[in-house]
Amino acid sequence: GIHFLEVKNLRQYFPIKRGVFRRTVGYVRAVDDVSFHIDDQETLGLVGESGCGKTTMGRTILHLLEPTGGEAFFMGEEIGVKLRHDPRDVRQKMQIIFQDPYGSLNPRMTVNEIVGEAVRYYGLCSRKELDDYIAEVLSRCGLLPEHRFRYPHEFSGGQRQRISIARALALKPKFIVCDEPVSALDVSIRSQILNLLKDLQEQLKLTYLFISHDLAVVRHISDRIAVMYLGKIVEMASKVEFFDNPLHPYSHALLSAIPVPDPKRQRQRIILEGDVPSPANPPSGCRFNPRCKHAMEKCRKEEPSLVDVGGGHFVACFLHCR
Ligand code: SF4
């Protein structure tokens, strides 16, 4: 069947250039042969340490970065092809919300201009209706109609993120990449923004790819979870399955770092040795092997592929599949 969003063997390699002649001496394999799908009105949480490629993946799916290889399909249509034929439609239906709501909002524009700019460009409503339309979108996002005439610096961090959510929503998207949307915010207002995103998803039937380094945040909002390590997805499962029965040693390490409500079930903290190795020069075999305490001979030679071990629980580790 056709998935709402499907990613097939997606790759994003950045050339590393050296010397006066800027010769390409290698590639940073930020996204390396990744495949998965997202169902309609689902939230897939994509989690991993910084530098694992999750932000690059979000941008590559949307073709804000042209993929080096592989494809992404939106409702059965290949996005790269669709983009050449109908770029406005793609750019309208697939939006992105960034981590830093201040950096992504033009400080010289009022909220009205920020939210209205693209609405006008796409001709989504008439000039006469525009003010009412913007006021309505703002109120959906928990802002007031009079906020239209203010500038970004007059708002708190949480309100600024509401403005960038409103800007995305005003275009009536179907799919939104949420790239660390609460990481820059105070802990006290994170759940407000997460709940807003959840409510909007229900009301407007949205589908999210939710990117975060914080598993506690991902847990709050996701239906399924995918764990990324050095450009690869190493585990993917429904949220319940993932938290009840995590399989990959890297997932164990991530999970051991978050507090759980029942202290008896708190996992012993696993401290990962060393930094994330560079994706320019990933370890051979399983990319996690230098940091894995279960690493076997085979792990240094062969690369495990992502395999369904039952009920849509995927893992790439020789402890669980050959
Ligand atoms: Fe560890 Fe080997 Fe599994 Fe990789 S494949 S996570 S090195 S046990």
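**Note on the predicted model**

1. Leu5 stands opposite Phe74 in S4. Strand S1 (residues 5–18) and strand S4 (residues 69–74) run antiparallel and are joined by five bridges. Strands here are DSSP runs (E) of at least two residues, helices are runs (H or I) of at least four, and both are numbered from the N terminus.

2. This is a predicted model: local features need pLDDT of at least 70, side-chain atom pairs count only at pLDDT 80 or more, and totals for chains, interfaces and linings use all residues. Residues are numbered from 1 along each chain as its sequence is written.

3. S1 and S4 belong to an open sheet of four strands, in the order S2-S1-S4-S5, with antiparallel pairing. Strand S2 (23–38) and strand S5 (77–78) are the edge strands, each pairing on one side only. Two strands pair if DSSP finds at least two bridges between them. Helix H1 (residues 54–61) lies across S1, S2 and S4, at about 75 degrees to S2. Axes are lines fitted to C-alpha atoms, for helices over the stretch in contact; angles run from 0 to 180 degrees between N-to-C directions.

4. Ile211 lies in strand S8 (residues 207–212). Ile211 counts as buried because it has 27 C-beta neighbours inside 10 Å. The cut-offs: buried means 20 or more other C-beta atoms within 10 Å of the residue's own, exposed 12 or fewer, partly exposed in between, with C-beta atoms placed from the backbone. Beyond four places in sequence, Ile211 touches residues including Lys54, Thr55, Gly58, Val177 and Cys178. Contact means C-beta atoms, placed from the backbone, within 7 Å. Ile211 and Cys178 are 33 residues apart in sequence, yet 6.0 Å apart C-alpha to C-alpha.

5. Val182 is in the loop between strand S7 (175–179) and helix H7 (187–204). Val182 is also buried, because it has 25 C-beta neighbours inside 10 Å. Leaving aside neighbours within four places, its contacts are Arg190, Ile193, Leu194 and Val217.

6. The largest nonpolar core has 80 residues, and Ala166 and Val227 have the most contacts inside it. Such a core is a set of buried Ala, Val, Leu, Ile, Met, Phe, Trp, Tyr and Cys residues joined through C-beta atoms within 7 Å. Not counting residues up to four places away, Val227 touches Tyr250, Ser251 and Leu254, among others. In helix H10 (residues 249–256), Pro249, Tyr250, Ser251, Ala253 and Leu254 are buried. Their cover includes strand S3 (43–47), helix H8 (215–221), strand S9 (224–229) and strand S10 (232–238).

7. The ligand is surrounded by 14 residues, the closest being Cys286, Asn289, Cys292, Cys299 and Cys317. A residue is near if its C-beta atom, placed from the backbone, lies within 6 Å.

Notes. Contact = placed C-beta atoms within 7 Å.
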